[in-house]
Amino acid sequence: EESMKRIILIVLVSMILGHPAAYSQQKPFVFGFKAGPNLGWLRPDAKGYERDGMRAGFSWGFVADFFLMENYSIVTGFDVVFLNGALEIPHEMPEGAIVKEGTLSRKYMLKYIQLPVSLKMRTNELGKFRTFGQIGLGTNFLIAAKADDTFIPASGEPVSDEADIYSDITFMYESLIVGAGAEYSLGGSTVLKAGIVFNNGFMDILKGENARNPAINNKAYANYLSLDIGIVF
């Protein structure tokens, strides 16, 4: 066991001594902030449920890069994400003594705190530019959920309403983060970044059962594509 520790220590020292330039020029970590628009959608996985297009949203947050080597880092921080999407859902609504069947067109307006952790890999500098790719996971915590509802009956006039749907949405979900972009050095450790990030939810975000058919569980996954622009120091 003692000899194994010595071997590991020798290997680590050799790696450090073998890359003196990289370690002298690169700060071990940098901090900054980012913001950008996104396009969100909900992917339903329940009988009769349909996605109703994409909706614009926004996110902002703080970011930290912890470097393992010059071109490899662990990226974390926190984001405030405004995620919007829409579904068409089989539905029924009482009207006096009559129950009307139809379709509920629901526009979801969700707000999350996301804690992302990803591995970022970047190229060597080409002038003042680098390109990078990243992959990781995001843990998302719900802080607000509202909806614009329009009930479209099989016959008769549509009925619109606004609702607080916090109790209809799961408190937490996990997502896969995949992104790519470019960095531009502004001098020293200050870097301007821009990238496209795909955030792919893989946990159901809806609670409860369908109003028309309780045998069908509400089920959908949250996804969005964002353009992130940020600066680190």
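Rings of Phe, Tyr and Trp (its six-membered ring) pair if their centres lie within 6.5 Å; planes under 30 degrees apart count as stacked, over 60 as edge-to-face and the rest as tilted. By this criterion Phe-29, Phe-31 and Phe-66 form one aromatic cluster. The model is predicted, so local features need pLDDT of at least 70 and side-chain atom pairs count only at pLDDT 80 or more, whereas totals for chains, interfaces and linings use all residues. Residues are numbered from 1 along each chain as its sequence is written, and side-chain values use heavy atoms, with hydrogens and water left out.

The protein chain has two helices and nine strands, where helices (H or I, at least four residues) and strands (E, at least two) are DSSP runs numbered from the N terminus. Their order from the N terminus is α-α-β-β-β-β-β-β-β-β-β. Of the 233 residues, 39% count as buried; buried means under 20% relative accessible area, exposed over 50%, and partly exposed in between (1.4 Å probe, protein chains only). A contact is defined by heavy atoms within 4.5 Å. Among contacts in the protein chain with a separation of 6 or more, 68% are between residues 24 or more positions apart.

The structure holds ten aromatic pairs. One of them joins Phe-31 and Phe-66 edge-to-face, at 6.0 Å centre to centre and 90° between the planes. This pair links distant parts of the chain, with Phe-31 in strand β1 (residues 29–44) and Phe-66 in strand β2 (residues 50–69), 35 residues apart. Phe-31 is partly exposed, at a relative accessible area of 44%, and Phe-66 is also partly exposed, at 36%.

Another ring has a charge over its face: Lys-120 lies 5.3 Å from the ring centre of Phe-132. The criterion is NZ of Lys or CZ of Arg within 6 Å of the ring centre and within 35 degrees of the ring normal.

Ser-175 belongs to strand β7 (residues 172–187). Ser-175 is buried, with a relative accessible area of 0%. Its side chain makes polar contacts with the side chains of Asn-140 (3.2 Å) and Asn-199 (2.7 Å). A polar contact is a pair of N or O atoms within 3.5 Å; within protein, one must be able to donate a hydrogen and the other to accept it, and residues adjacent in sequence count only if both atoms are side-chain atoms. Not counting residues up to four places away in sequence, Ser-175 touches residues including Gln-114, Leu-137 and Phe-202.
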